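Dear colleague,

Please find below the structure that I am handing over to you.

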Amino acid sequence: MSWEYLIIAVVLIVVALVAIKVTGKHFEEEMNKLIKYLGGKENIIDCEVSMSRFKVTLKDVSLANKEGIQKLGAKGIVEIDNQLKIVFDKNARTLKKYIKDMR
């Protein structure tokens with residue numbers, strides 16, 4: 001009977017690892033799309049995070065594809081001068097780290 005529990009535990013661990021790997025890959029693809037929708041990494045001057053808001057300063061805000069950003073899950077976008085303030089819920093901090101690491 002203990003072997004059955006061991007086999008079940010191993011199967012659950014393998015399934016969890018596969019799910020984590022797939023989710024990580026999906027997240028990276030979505031972040032690459034977001035950077036593209038922001039006009040590319042060359043267009044991003046700076047970024048900041050405040051709670052669920054992601055504020056990004058762009059060289060040319062007209063290059064940003066706001067409709068594409070919303071399709072990626074943004075709850076709202078506000079444009080002020082050369083900045084976009086994007087509400088992304090809990091992923092805002094992870095997004096900032098991803099962009100900073102790309103530079």
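Asn-65 is partly exposed, at 33% relative accessibility; here buried means under 20% relative accessible area, exposed over 50%, and partly exposed in between, with a 1.4 Å probe and protein chains only. Please note that this is a predicted model, in which local features need pLDDT of at least 70 and side-chain atom pairs count only at pLDDT 80 or more, while totals for chains, interfaces and linings use all residues. Residues are numbered from 1 along each chain as its sequence is written, and side-chain values use heavy atoms, with hydrogens and water left out.

Asn-65 sits in the loop between strand 2 and helix 2. Helices (H or I, at least four residues) and strands (E, at least two) are DSSP runs, numbered from the N terminus. A polar atom of the Asn-65 side chain lies 2.8 Å from the backbone nitrogen of Gly-68. Asn-65 and Tyr-37 are separated by 28 residues in sequence, yet their C-alpha atoms are 4.9 Å apart in space.

**The sheet**

Two strands are taken to pair if DSSP finds at least two bridges between them.

Strand 3 and strand 4 (residues 83-87) run antiparallel and are joined by 5 bridges. Within this pairing, Gly-76 has Val-87 of strand 4 as its bridge partner.

**Thr-57 in strand 2**

Is Thr-57 buried or exposed? Thr-57, which belongs to strand 2 (residues 53-58), is buried, with a relative accessible area of 15%. Its side chain makes a polar contact with the side chain of Gln-83, at 3.5 Å. A polar contact is a pair of N or O atoms within 3.5 Å; within protein, one must be able to donate a hydrogen and the other to accept it, and residues adjacent in sequence count only if both atoms are side-chain atoms. With neighbours within four places in sequence left aside, Thr-57 is in contact (heavy atoms within 4.5 Å) with Asn-43, Ile-44, Ile-45, Asp-46, Asn-82 and Gln-83.

**Salt bridges**

How many salt bridges does the structure hold? There are 3, where a salt bridge is a side-chain nitrogen of Lys or Arg within 4 Å of a carboxyl oxygen of Asp or Glu.

- Glu-79 and Lys-66 meet through their side chains at 2.3 Å, N to O. This pair links distant parts of the chain, with Glu-79 in strand 3 (residues 76-80) and Lys-66 in helix 2 (residues 66-71), 13 residues apart. Glu-79 is partly exposed at 39%, and Lys-66 is partly exposed at 32%.
- Glu-67 and Lys-71 form a salt bridge at 3.7 Å, N to O. Both lie in helix 2, 4 residues apart, about one turn of the helix. Glu-67 is exposed, with a relative accessible area of 56%, and Lys-71 is exposed, with 68%.
- Lys-55 and Glu-48 form a salt bridge at 3.6 Å, N to O. Lys-55 is partly exposed at 23%, and Glu-48 is partly exposed at 38%.

Yours sincerely
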